[in-house]
Amino acid sequence: LAIFIDGMDFSFHYFNQRFEELFGYTRAELGRLGLLDLVYDADREMIQKNHHNRFHDLEAPTHFEFRGVRKDQSVVHLEVDVVELRSDGKLMATRGYLWDVTRRVQSERAIQESEERYRSLVENFIDIVFIASLHWDVLYANPAFNRITGFSFDEINEHSIDKTFVHPDDFEMCERMMNDVIQKDLLYSD
């Protein structure tokens with residue numbers, strides 16, 4: 001856990017060893033820097049506003065995320081909890097607790113990109129793709145469903161995937177597959 005204390009002018013009053021390690025600076029180098037020197041350019045305005053508001057007794061978040069810049073210029077995603085340090089009711093400094101959440105942010109971004117690629121693939125697929133509940137209710141249908149069947153998604157929702165959408169010759173096989181899914185917890189992709 002990286003910990004720092006800074007004043008109204010963003011100068012450091014204290015930082016622990018983990019803070020040094022997180023940003024890659026020595027104690028002496030950090031002594032010549034202020035908090036804003038470690039903040040990613042696009043996040044500086046937010047940090048300045050939060051800091052200004054806090055020191056002027058205006059509303060400011062105590063828990064938020066921002067991006068920092070390490071000595072090697074790599075970007076680190078940070079989550080911070082800010083505690084006000086007061087003396088006789090006056091805010092003298094803030095103490096920040098920093099967590100490196102870079103891996104989490106990168107994982108979330110990768111998942112989002114994967115979901116977007118999957119969604120794009122499914123939305124543009126020429127064949128029907130749908131998701132149904134175990135009770136045959138349609139939860140999702142791609143645009144091909146409408147193009148091929150003529151049913152809108154709203155119309156699909158009025159029915160279940162039973163004999164309305166399944167050809168009579170295929171219904172018994174579909175029903176058997178659905179029962180297998182329910183009984184054996186199987187997934188079919190055919």
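A salt bridge is a side-chain nitrogen of Lys or Arg within 4 Å of a carboxyl oxygen of Asp or Glu. The model discussed here is predicted: local features need pLDDT of at least 70, side-chain atom pairs count only at pLDDT 80 or more, and totals for chains, interfaces and linings use all residues. Residues are numbered from 1 along each chain as its sequence is written, and side-chain values use heavy atoms, with hydrogens and water left out.

Q: How many salt bridges does the structure hold?
A: One of them joins the side chains of D57 and R86, at 2.9 Å from N to O. D57 lies in the loop between α3 (41-55) and β3 (63-69) and R86 in strand β4, so this pair ties together parts that are 29 residues apart in sequence. Helices (H or I, at least four residues) and strands (E, at least two) are DSSP runs, numbered from the N terminus. The total number of salt bridges is 10.

Q: Is D57 buried or exposed?
A: Buried means under 20% relative accessible area, exposed over 50%, and partly exposed in between, with a 1.4 Å probe and protein chains only. The relative accessible area of D57 is 56%. D57 is therefore exposed.

Q: With which side chain does the side chain of E79 make a polar contact?
A: E79 belongs to strand β4 (residues 75-87), and it counts as buried because its relative accessibility is 16%. A polar contact is a pair of N or O atoms within 3.5 Å; within protein, one must be able to donate a hydrogen and the other to accept it, and residues adjacent in sequence count only if both atoms are side-chain atoms. At 2.9 Å, the partner of the E79 side chain is the side chain of H63.

Q: Which residue in β2 is the bridge partner of I5?
A: Strands β1 (residues 2-6) and β2 (residues 12-15) pair in the antiparallel sense over 3 bridges. Two strands pair if DSSP finds at least two bridges between them. The bridge partner of I5 in β2 is Y14.
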